[in-house]
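The structure is shown first.

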Amino acid sequence: MNAYTPMGAEELRAQIHRHLTYTIGKQATEASPYDWRMAVSFAVRDLIVDSWLDAERKTVAAGGKRVYYLSLEFLIGRILEDAMVNLGLHDTIVSVLETEGLSLADVVEEEPDAALGNGGLGRLAACFLESLSTLGCPAYGYGIRYEHGLFRQRFEGGRQVETPEDWLNQPHPWEFERHEAAYTVPFRGYLREVDGKTVWHPSETVVARAYDTPVIGWKGKWANTLRLWGAHPTELFDLERFNAGDHTAAAAPEALARSLSRVLYPEDSTDSGKELRLKQEFFMTSAALQDILARFNAEYDDWLVLPDKVAIQMNDTHPALAGPELMRLLMDEHDLEWNTAKDLASRCLNYTNHTLLPEALERWSTWLIGRVLPRHMQIIERIDLEHQSQTGCGPEMGIVWQDQVHMGTLAFVMASHVNGVSALHTSLMKSTVFADLNGVYPERILNQTNGVTPRRWMRLSNPALSQVITDTIGSDWEDDLDRLAELAQHEDDAMVRSAIRDAKHANKVAFATWIRETSGISIDPNAMFDVQVKRIHEYKRQLLNIFETIARWQAIRRNPTGDWTPRVKIFGGKAAPGYFVAKDIIRLINDVGSVINADPVTSDLLKVVYPENYNVSMAQRLMPAADLSEQISTAGKEASGTGNMKFTMNGALTIGTLDGANVEIREHVGAENFFLFGMTSDEVVSRREIPDHARQAILQSQALQDVLQAVAEGQFSPGEPSRYHGLVDATWNHDPFLVASDFDSYLASQSDVDAAYKDAEAWDRMVLRNIAGSGFFSSDRTIRGYIKDIWRAETLV
């Protein structure tokens, strides 16, 4: 069966029944929704495999370059419905299931989200893989097959509680275990010089085994591979120790291995936690590079053409050890000399930076790397020595500085290209965090503004809006998103504007129903849905949002009969387990929500909702329902953002600062269709130089004083009035992300939002302009930029 042509209903029904019988071992009359989901998944997977194997044949025949994307996160979400859409089978499967007395929701809701990421970094990687497949560019994504992912979030008394994700407690129908693709990953041990050559004798090893998931592109024309590594012991079990009574030691090898692929971002506040995280990053990187070289070696016999056949992208600093590890493999395993190995490695490697926060650029102690990876420490020191010697830079610009290995500097020095992820971010990279390195490597930094796949984030997540777009501008816009600009020609068409509004309202009704069923909170679909969903971090300023929510509540209570715009404030996101300030902010949001939602004076005008365990599937429900997108990070701190793009595509207007990709969103949708507030990145720098900037701002804002007073007095924590004294004190006296300094500007911009929302026609026009201006933010456009400017690869469809 060729996946270019969607299968008919009867043939597909037969394939589903075949899997139900022979793969699941059930009769249709006794099959559960789980059984049906597995049968449908296997039937769909069969079709994907045809394209997948065909893509591999074409890649080998073409003899061109493959792209290898190394990322510690791949937040892929549910696979089944996404694959159905890309294969053109969505409506057919709906029809087949209806003949069996099932709805699509019965089946799709059974699938767990793959717990392979945390936020934007992982979701970006997933969008990129899908776009690579849509464009037909041969590629592999490399990551870790986490047993328990980050964590499952729930709330107890408003506090975040972390429990393990259990997505692998049931079979995962999309993956193929590859026993033949297994590589030994070494740790620790000692070095010896033998005949002038350094030999590493590791004292610990684990086996990385591959688990492949095909990633299908639009219309099923091409499929690439997501290869995830599971950690397995080199020696399964020490029977002699076990029989001697040392039961714990007998299982030590298995415990070490499982720890590497058990949890994403293990807590690293302890020395053992730091060592585990370093080992985890090296495990993924080493396994990927060994696999890349094995594939190259099977097809070519000249190492000098490696950069012509291999492009490796390091997604953030987590795979930064790729430089020294690729050199080690080329030198120690394949007998290349230093200069050749270094040249080949640097010509293959590229690095995407995702942060302007110096503290977020990973640093490992020389002691830790020297103990865990002694050969790599040796290689890093020599790379650093040559870097300083060749550029004339001082040790403060070195890779090794003050007994720490600076992974951002290592990635930068070893990469051919270093890219930012928005125009502003790239500019700030050159002038701030990598200013010195940009001076000595002036052509290395370039920009590739992020994007998201419209197949998942519009066609799948928002079928109502997608149908309006198709009815208005015609079909086949999903892989040519610039065509959304054609919507602008229909702005004066009241029927088009009404259809877009009706689609939004239907999505809001569906989300309100889901919230009521899952949390017991009733929200009005006619109210404005004001949404901030993202990782909880001080620079993303959820605190600013909840402070404005308190100020709004206080203002409504003072004048409950005023001309208020009803709002539902919706939050979502997780805080890192050891990030206690962020966890305090989560608890404050929930405490404020408990008080406001129970207030009979304001309950018809303001609600606060914070559903647990925000993930891809929740985002697919929420983003199509949002009216207002909160993108309110401190200017100069957010690299890009991708949630901002998804909201814009789905017709939410943005309230935001000039930060990250907000700048480009505002340019593309029109400044008049974007609610701007706050300081610029330059003004942020200047403001921070004022010693008491926070106190000055608070003393000039009566509204913020009232908010802080209510929080400090325990109005939202009556059983523990001092619960948020730390947050209040930090706002008065420290406030590193300028919540106080931007508060009044934010408050004024929110008033502008209220006024705009009351004029339905004007708001509808702004919504249409946002959708029409969002075509630039397709990940297809981003990947074309990487292919042309960084990877020098080709597409084969």
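## Terms and basis

Two strands pair if DSSP finds at least two bridges between them. Helices (H or I, at least four residues) and strands (E, at least two) are DSSP runs, numbered from the N terminus.

This is a predicted model, in which local features need pLDDT of at least 70 and side-chain atom pairs count only at pLDDT 80 or more, while totals for chains, interfaces and linings use all residues. Residues are numbered from 1 along each chain as its sequence is written, and side-chain values use heavy atoms, with hydrogens and water left out.

## Strand 10 and its partners

Strand 10 (residues 310–315) runs parallel to strand 11 (residues 349–352), joined by 4 bridges; here Asn-315 stands opposite Thr-352. Strand 1 (residues 66–70) is also parallel to strand 10, with 5 bridges, and Tyr-68 stands opposite Ile-312.

In a regular strand, side chains alternate between the two faces of the sheet. Val-310, Ile-312 and Met-314 point one way from strand 10, and Ala-311, Gln-313 and Asn-315 the other. All of these are buried (under 20% relative accessible area, 1.4 Å probe, protein chains only; exposed is over 50%, partly exposed in between).

An open sheet of 3 strands has the order 12-14-13, with antiparallel pairing. Strand 12 (363–365) and strand 13 (400–401) each have a single partner strand, so one side of each lacks a neighbour in the sheet. Strand 12 and strand 14 (residues 404–406) are joined by 3 bridges, with Gln-404 the bridge partner of Ser-365.

In helix 16 (residues 407–414), 8 of 8 residues are buried, including Phe-412 and Met-414.
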